[in-house]
Amino acid sequence: MRAAALLLVLAALAHTLRYGLTEPGHALAFGLLVALGELARRGGAPGELEPAPLAAAGALAYALLGDSAGEPTGHGPLQVVAVVAAGQLVAAVEQLARGAGPDADRAARRVLTVGFAAVCFQPLYNSGQAVRWFGDGPRFALFLLGLLALTALCDALLAAVVARARALTYGTGGTPPPYGPPSPSPPPYGTGKPPPYGPFLQDELRALAGIGSAVGASGVVMALGVAVAGLWALPVLCVPPLLTQVSFRRYAAVRTTYGQTVASLARATEIAGYTPPGHARRVAALATAVGRELGFTGAQLTVLEHAALMHDIGQLSLLDPVADGATARLPAAEQRRIALLGGAVVRRTGVDPQVAAVVEQQADPYREQLPAARIVRTVNAYDDLCGEGVGGPLGALEELRLGTGHDHQPQVVEALVRVLGRGGLTRVGAG
């Protein structure tokens, strides 16, 4: 994807240098809009940048720009790509200067998505075919909305490709996992197929209903506003994307605080000496990867991750800690008591009630459990067995397979095998 975007940018820049800019004022205005939109965002989690709705809306508006103040424009798809790429490069220089670093995947996605929109719109408009087919009234607006839907689908397909590639490389949602080294090429111990593409695409399509729809609508409104009032409309039409960014920033702050609360609760058992350091994080990372392997998406993955982080919280009720925190070897009745106590604690924290239900059920027979509870139980048992030195990961998996009649769902165990196979079946030390 990066290579395709780079080739497209090089072709666009070469074409622009050879033939010059059509309507330089419009090119400068929209290029600055993209650059300012990129600069307006700030870092989120380490290694991440928040979305840039102003830059995305501005790039899309330039791709869908037909008239300007009632006069037809003549820029083509290659100029659109060149202007958007130049705006992103300007922002990337500033980001590199302060050590932030650009997101190459996101930049490549934007170039390809905007290029797709421009190729679909500009030739039809410049040839006059769009006006003959749709006129310049409501039908033309509906045409733009239909093209917007296709462009959003294109972006979702590319985003899902990136997410799947990162999961295939790292085993989790984009960061190196606590199990085994990343495998950028076919893993040396590969025992299963790559993670399914469908769940990643479902996540991206679901995201379109949120900030994606706001960005797309802003881009169409910008294009229509400039068509009527010219470039003077841009300052006013920039307000909605900026408000979208502020809203997203506040939502991200709330989500971060919520995540920190869950992580703090998860670490309580480690700090108190009931579980080994890193146990909750390892179980959460591996459970999330297994859930994705089994088709979990969006909110399902969030519930699964939070339940995996807090699955041992009930151990705080024990007078004497279990050796190495390994509850997999405890009697079934004791496991259920700890799980019920953990669920009761989780319910008092304000966390999603579904998380508490998963924590409560993790010690039940798998046929009576929610799907997320089956995953948490199996992954937790795997980590406990690895810590006991029962023959390494292969020995732990063999014990899990022996328990598929009652304790562990066979499909979950096999999904765990596939995920670990892509990571080399290697368990890194705690921490």
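Visitor: Which residues does aspartate 364 touch, not counting residues up to four places away in sequence?
Guide: This is a predicted model, in which local features need pLDDT of at least 70, side-chain atom pairs count only at pLDDT 80 or more, and totals for chains, interfaces and linings use all residues. Residues are numbered from 1 along each chain as its sequence is written, and side-chain values use heavy atoms, with hydrogens and water left out. A contact means heavy atoms within 4.5 Å. With residues up to four places away in sequence set aside, aspartate 364 touches Arg336, Gln369 and Arg377.

Visitor: Is aspartate 364 buried or exposed?
Guide: Aspartate 364 is found in the loop between helix H14 (353-361) and helix H15 (371-387); helices (H or I, at least four residues) and strands (E, at least two) are DSSP runs, numbered from the N terminus. Buried means under 20% relative accessible area, exposed over 50%, and partly exposed in between, with a 1.4 Å probe and protein chains only. Because its relative accessibility is 17%, aspartate 364 counts as buried.

Visitor: What covers the buried residues of H16?
Guide: Helix H16 spans residues 392-402, and its buried residues are Pro393, Gly395, Ala396, Leu397 and Leu400. Their cover includes H15 and helix H17 (410-422).

Visitor: How many of the 431 residues of the protein chain, in percent, count as buried?
Guide: The secondary structure of the chain comes to 17 helices and 2 strands. Among contacts with a separation of 6 or more, 73% are between residues 24 or more positions apart. The buried share of the 431 residues is 46%.

Visitor: Is leucine 36 buried or exposed?
Guide: Leucine 36 is found in helix H2 (residues 24-40). Its relative accessible area is 52%, so leucine 36 is exposed.

Visitor: Where is alanine 69, and what is its phi?
Guide: Most residues other than glycine have a negative phi. Alanine 69 is in the loop between strand E1 (67-68) and strand E2 (71-72), and is partly exposed at 45% relative accessible area. Its phi is positive, near 55 degrees.

Visitor: What is the phi of glutamate 23?
Guide: Glutamate 23 lies in the loop between helix H1 (2-19) and H2. With a relative accessible area of 24%, glutamate 23 is partly exposed. Although glutamate 23 is not a glycine, its phi is positive, at about 55 degrees.
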